[in-house]
Amino acid sequence: MPIYHQVALNIPLFKLMTYRHDKVLPIGTRVIVPFRGKPKVAFIWESQIKPDIDEEKILPITTVFDNEPRLNKDWIELLEFTSRYYHYPLGASIFTAIPAGMKKSKQLSYPIVDKTFILNKTGLEQKAPSQHHHKLLALWNALALGIKLSAAKNIHARAIHYLNQWQELGYLDEISNHTINVKEGAVKLNEQQFLAYKTICDSLNSFKSFLLFGITGSGKTETYFEVMAEVFSQGKSVLFLLPEINLTEQLLARFAKRFPDISCALLHSRNSDGERTQDYLSALCGQVQLVIGTRLAVFTPIKNLGLIVVDEEHDSSFKQDNELRYHARDLAIWRAKQAQCPIILGSATPSLESFYAAQNKRYQLLSITRRAKENARLPEILIDNVRHQKLTEGLSQRTIELLQQNLKNGGLSLVYLNRRGFAPALFCSDCGYSFSCPNCSAKMVLHRTAHHLRCHHCNHQIPIPAYCPDCGNVDLSAIGFGTQRIEDALKKIFPTARIARVDRDSMSHKNDWQEICNHILERKLDIIVGTQILAKGHDFDQLNLVTVLNADGSLYSADLRARERLFAELMQVSGRAGRDKSAGKVLIQTQLPDNPIFHDLKRQDYISFAQSELNLRHSFRAPPCVYVAACRADAPQLDDAMQFLRDTLQQLTLPENIYTYGPAPQLMVRLSGRERAQIFIESTNRALLHNIINTIANVMQKLAKKRSKIHHVIDIDPIEC
Ligand code: ADP
Ligand code: ZN
């Protein structure tokens, strides 16, 4: 009698596929099955099912990797939740969450886990394997006394398989063969740090969310470290998530120094596929106590999870904005609940979502209000009204004076602007023609050193035009400023200064950054021009002047979160100044000096900013005060996308407490040759929203079958607008 199994495949379908095998295969086993004539990797998701299709048509599973450790129950639950919550097919979610190596049809080489297993009380009460299977019986008998895995494999070739099975049945205990020594930290926590540490440690073995709110340099990292030390010494493991940009050599070195004996897995995009696969497998085998990684690391299987830290929790890179549109912070909270352990969300500028949750007592707020190093002071923030000023290549008189002064005093200055390239647009000075991207609703950015115009959204490039295609005029002018242009200007104004530019264009090689760091440490630089790459994570003690050039764009933006992001960004970049003894100055050029955001920024008063922003969100019925999902469609023509969404809406009967907005074009309508529209669905009731989205997903799927040009997606808790 064949046994039927449901397997998860990497396909864009919500349903699982049925295959047969002659034996029962445990859930989580990796297999290969034929799908549309090709072998495909899949995972057993359910076994011994009653098929609802013609049994004759059910194909056999071709390969079973039963010697590999299986995906465990917690992980399977996490992925089921993810798929359900984000309305994304289960199989496709799973294949987003696993590393490249596990997607290949090759048998995986697993790291040798030399753990010792022993039959526990339940195990000893079981019937031993029969005499016919003498090797299996020998394995069983060895287990009664306790045996290392490496030795077990010599008794029975498939020892891993049986140990897995018996462990799942609850017959085995693992004897840890080394107790972990966690050495003492080098710093003594101050009062506020200690209070935070103590509060978290008091709920180590239960689920609780903490919002650790402390300005940059207030000692959050040291506080995480102390809590982590406590978790490690209890034999449990830690998941530490952070934005890619903050994952610096500097920080990794701090981890290594603080926890030299802790086995650690690093999961981020700079590691090769091979390295990531190996680290992931080590975690799956329970060999790792610390997983450090970016967004995707939230899916790492971890045994014995005792703590999750999400550093810089406000960072938008935790949300994936394509395919599986998950938010790593929110999934991390779900995982902490599943593991019944605490989670620490840390930030100097918490997301309004987290701040709101802390206000509503869903999270416990822990604050550190002072900088940790005794003589480190907060920078002085100055607002420079440039409304009626004539700027020199984008720089105000005051900016130039301060830079001049700092240069004379031998200080290090940062000129910050969030725009790469030479200039954000090229215009014909005669007829006003501007060069737009043919694929996107965006201007092409002038890159003078690379001799082209480039779209920063789809990467479309053309050589710098010699004349206007409309009127033939050869006098084309670059409008606005990018980092390259500012760098050129500074070189002219300060011919003796040593200047470097730091942005994604100048940092394309792995060692570029290290070189700049060395130059800074050796005091071989006077001025750095840079984008947000510089705003985060790096500590340069000498940096004592920051000038900010183009803050205003965000204040005109229609994006709901633009102000929140600007505030965070400016706090971050200000936080770079005066990390050490000298207080440091920050000068912000703006045409809108009276905007309340600057009032709060000057006093570095996040709470006041967050409170007024929340009041606004309340009055707009916007998140985090309500829950939102976006239903989007795109097509070559906007009309088709809009019509598709109108038709979707028409088929719905909306219950009370569900509101819809749109359809309307997205803020950036054209992207990579497709035009985009969306409906926002909003409610104060999450479950209700979830239900209606299920219905909408079905409607959209049905409608899309007849309209091949339409793509549609659902984005839960969207950030994009
Ligand atoms: P954050 O993570 O909030 O930016 P860090 O934990 O990195 O802050 O601390 C900033 C600096 O202050 C680091 O150099 C750190 O070693 C130091 N520091 C933190 N806590 C203390 C303390 N209690 N005593 C002395 N120095 C500290
Ligand atoms: Zn483009």
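## A buried arginine and its partner

R420 is buried, at 13% relative accessibility. Here buried means under 20% relative accessible area, exposed means over 50%, and partly exposed is in between (1.4 Å probe, protein chains only). R420 forms a salt bridge with D505, and their closest N and O atoms are 3.0 Å apart. A salt bridge is a side-chain nitrogen of Lys or Arg within 4 Å of a carboxyl oxygen of Asp or Glu. D505 itself is partly exposed, with a relative accessible area of 24%. R420 sits in the loop between β17 (412–416) and β18 (425–428), and D505 in the loop between β23 (499–502) and α15 (512–521), so the pair ties together parts 85 residues apart in sequence. Helices (H or I, at least four residues) and strands (E, at least two) are DSSP runs, numbered from the N terminus.

This is a predicted model: local features need pLDDT of at least 70, side-chain atom pairs count only at pLDDT 80 or more, and totals for chains, interfaces and linings use all residues. Residues are numbered from 1 along each chain as its sequence is written, chains are lettered from A and ligands numbered from 1 in the order in which they are written, and side-chain values use heavy atoms, with hydrogens and water left out.

How many salt bridges does a search of the whole structure find? The search finds 37. Side chains of opposite charge can pair when their charged atoms come close.

K121 and E125 meet in one salt bridge (3.8 Å, N to O). Both lie in helix α3 (residues 121–125), four residues apart, about one turn of the helix. K121 is exposed, with a relative accessible area of 66%. E125 is exposed too, at 58%. D202 and K198 form another bridge, with the closest N and O atoms 3.2 Å apart. D202 is exposed at 57% relative accessibility, whereas K198 is partly exposed at 37%.

## Five domains

The protein chain is assigned domain 1 (3–97), domain 2 (116–175), domain 3 (191–368), domain 4 (380–423 + 480–611) and domain 5 (627–716). These bounds come from an automatic or database domain assignment.

The C-alpha centres of domain 3 and domain 4 lie 29 Å apart. Their contact takes 19 residues from domain 3 and 20 residues from domain 4. Contact means heavy atoms within 4.5 Å. About 1700 Å² is buried between the two domains, and carbon and sulfur atoms give 56% of that area. Buried area is the accessible area (1.4 Å probe) that two parts lose on being put together, summed over both.

One salt bridge is counted between domain 3 and domain 4. R561 and E353 also pair through their side chains in a salt bridge (3.1 Å, N to O). On the side of domain 3 that touches domain 4, α9 (249–258) and α12 (352–359) each supply at least two residues. Which of the helices gives the most to that side? It is α12, with four residues.

## Nonpolar cores

The largest nonpolar core has 82 residues, and W75, I94 and I693 have the most contacts inside it. Helix α21 (residues 686–706) gives this core its largest share, nine residues. A nonpolar core is a set of buried Ala, Val, Leu, Ile, Met, Phe, Trp, Tyr and Cys residues joined through side-chain atoms within 4.5 Å. I693 touches H87, A629, C631, I681, I714 and I716, not counting residues up to four places away in sequence. Apart from this core lies another, of 42 residues, including I381, L414, L525 and F609.

V713 belongs to strand β30 (residues 711–716). V713 is partly exposed, at 25% relative accessibility. Leaving aside neighbours within four places in sequence, V713 contacts R325, A630, C631, R632 and M700. V713 and H87 are 626 residues apart along the chain, yet their C-alpha atoms are separated by 9.1 Å.

T18 lies in strand β2 (residues 17–21). Is T18 buried or exposed? T18 is buried, with a relative accessible area of 12%.

## Backbone details

A cis peptide bond joins P623 and P624, with omega about 10 degrees. P624 is in the loop between α19 (606–620) and β27 (627–635). A cis peptide bond also joins G662 and P663. P663 lies in strand β28 (residues 659–671).

N304 is not a glycine, although its phi is positive, about 65 degrees. N304 lies in the loop between β12 (290–293) and β13 (305–311). At 51% relative accessibility, N304 is exposed.
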